[in-house]
Structures are given as C-alpha cells and as structure tokens.
Amino acid sequence: MEFYDVIGKRRSIRSYKPDPVPDEALRRIGEAVRSAPTACNRQPYKMWIVRNPEKRAALAKVYAQKWFAEAPAIAVIAGRESEAWRRLEGDTIVNVDAAIAMEHFMLAATAEGLGCCWICAFRRAEADKALGLDPEYHAVALSPLGYPAAEPGPFSRKPLSELFEVVD
Ligand SMILES: Cc1cc2nc3c(=O)[nH]c(=O)nc-3n(C[C@H](O)[C@H](O)[C@H](O)COP(=O)(O)O)c2cc1C
C-alpha cells in the first residue's frame, strides 16, 4: 500500500475475525515499531504481541469490551520512565516515545491488512500485573490485532484549517 493510502485506511477497528495473525506480518510490524524515533534514541519502551489464549484472556479483563477479548492478538506497549529522556522542565517524555512507536505499529498493521485500535481506557495497574511486567515498566496503550470483521463507522474530523495551518 502507498503511504497516504495506509494513513487513510487506518481506522479504529472494533470487530475481529478469529483468523490468526501471520508470523511474517508480525516480523514486519516489529521492524516498523523498532524504527520509531525516540528522544535521544533512548528507546524506553517494549511492545508485546500477546497471542497466548490464557494470557490474552487475563489481559482482556483490564478493558471489558467483547471485541477486545475476541481479537486473536493483543498488542501492549509499555514505557520505562527511568530510561526516557526528560524535558528541560524535568517531566518525562516516555509517553510520547511510546505513542510514536504505537502509531508505527498501527500504520504497519494497517499496511498488512490487519485491524487495530488504540486503547487507553484500561485499568493500568491490572494490565501491568496481568503481563507480569518488570516494576520499571508501565503499560501505556493496548490494541487488539486481527483481521477486521466489520467496516468502521464514518470518518469524522475537525476542518483542516482548525488542525493544520501553514504560516508563511
Ligand atoms: C490515545 C488514544 C486513546 C484511545 N483510547 C481508546 C479506548 O480506550 N477505547 C476505544 O474504543 N478507542 C480509543 N481510541 C480510539 C479513538 O476513539 C479513535 O482513534 C477516534 O475516535 C478516531 O477514529 P479512527 O481511529 O477510526 O480514525 C483512542 C485513540 C487514541 C489516539
């Protein structure tokens, strides 16, 4: 797929087929995640693609939506604050770094014909526990991953001029 086609095709998918996600697609998605930029190249994140049914069921409890539990895989991105660059004012950039890597994941998944959906409204401490995370890592976002079973709803955005402006 062409880059701008991928951008336009990426939507939040909230219905999944049970078909498994191929290893080859996951390898390419993993490389796309790895290529994401991070502040000072610290790479203070890790992503897991959870396919194991028991672990997926445990993780699905942190965000109670049927379509989330039904997806054949769940992606989790966690940030490690101690490793992240800090702004000049001292606050951490870890969520920005993790979000960029997550969006690389979303676009690569879309290019593979897979569906995904940003999830942040999950119970974070429970997710960290379900994943058995090193205490230095905290989950930043989740996403179901699988082949879409239904088309997303209509696209809706503010007018371009409200969101993007060229200043000459
Ligand atoms: C940071 C972030 C958090 C989000 N959290 C959730 C969520 O918890 N549950 C959900 O169903 N969608 C979530 N979304 C998806 C948004 O609702 C969706 O991206 C938005 O409505 C635009 O629709 P689109 O992704 O189909 O273009 C989240 C999106 C972002 C970027």
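D91 is partly exposed, with a relative accessible area of 40%; here buried means under 20% relative accessible area, exposed over 50%, and partly exposed in between (1.4 Å probe, protein chains only). The model is predicted, so that local features need pLDDT of at least 70 and side-chain atom pairs count only at pLDDT 80 or more, whereas totals for chains, interfaces and linings use all residues. Residues are numbered from 1 along each chain as its sequence is written, and side-chain values use heavy atoms, with hydrogens and water left out.

**Exercise 1. Identify the residue with which D91 forms a salt bridge, and state how exposed that partner is.**

Step 1. A salt bridge is a side-chain nitrogen of Lys or Arg within 4 Å of a carboxyl oxygen of Asp or Glu.
Step 2. The partner of D91 is R87, with 3.9 Å between the closest N and O atoms.
Step 3. R87 has a relative accessible area of 39% and is therefore partly exposed.
Step 4. Elsewhere, salt bridges with shared partners unite E24, R27, R28 and E112 in one network. The structure holds 12 salt bridges.

**Exercise 2. Determine which parts of the chain are linked by the salt bridges E103–R10 and R51–D23.**

Step 1. The side chains of E103 and R10 form a salt bridge at 3.9 Å, N to O. This pair links distant parts of the chain, 93 residues apart: E103 belongs to helix α5 (residues 94-111), and R10 to the loop between α1 (3-9) and α2 (23-34). Helices (H or I, at least four residues) and strands (E, at least two) are DSSP runs, numbered from the N terminus.
Step 2. R10 is buried, at 14% relative accessible area, while E103 is partly exposed, at 27%.
Step 3. In the salt bridge between R51 and D23, the closest N and O atoms are 2.8 Å apart. Because R51 lies in the loop between β1 (45-50) and α3 (53-60) and D23 in helix α2, the pair ties together parts that are 28 residues apart in sequence.
Step 4. R51 is partly exposed, with a relative accessible area of 38%; D23 is exposed, with 52%.

**Exercise 3. Describe the geometry of the aromatic pairs that Y63 forms with W67 and F68.**

Step 1. A pair of aromatic rings is described by the distance of the centres and the angle of the planes. Rings of Phe, Tyr and Trp (its six-membered ring) pair if their centres lie within 6.5 Å; planes under 30 degrees apart count as stacked, over 60 as edge-to-face and the rest as tilted.
Step 2. The whole structure contains four aromatic pairs. One of them joins Y63 and W67 edge-to-face, at 5.9 Å centre to centre and 70° between the planes.
Step 3. Y63 and F68 are also edge-to-face, at 5.4 Å centre to centre with 85° between the planes.
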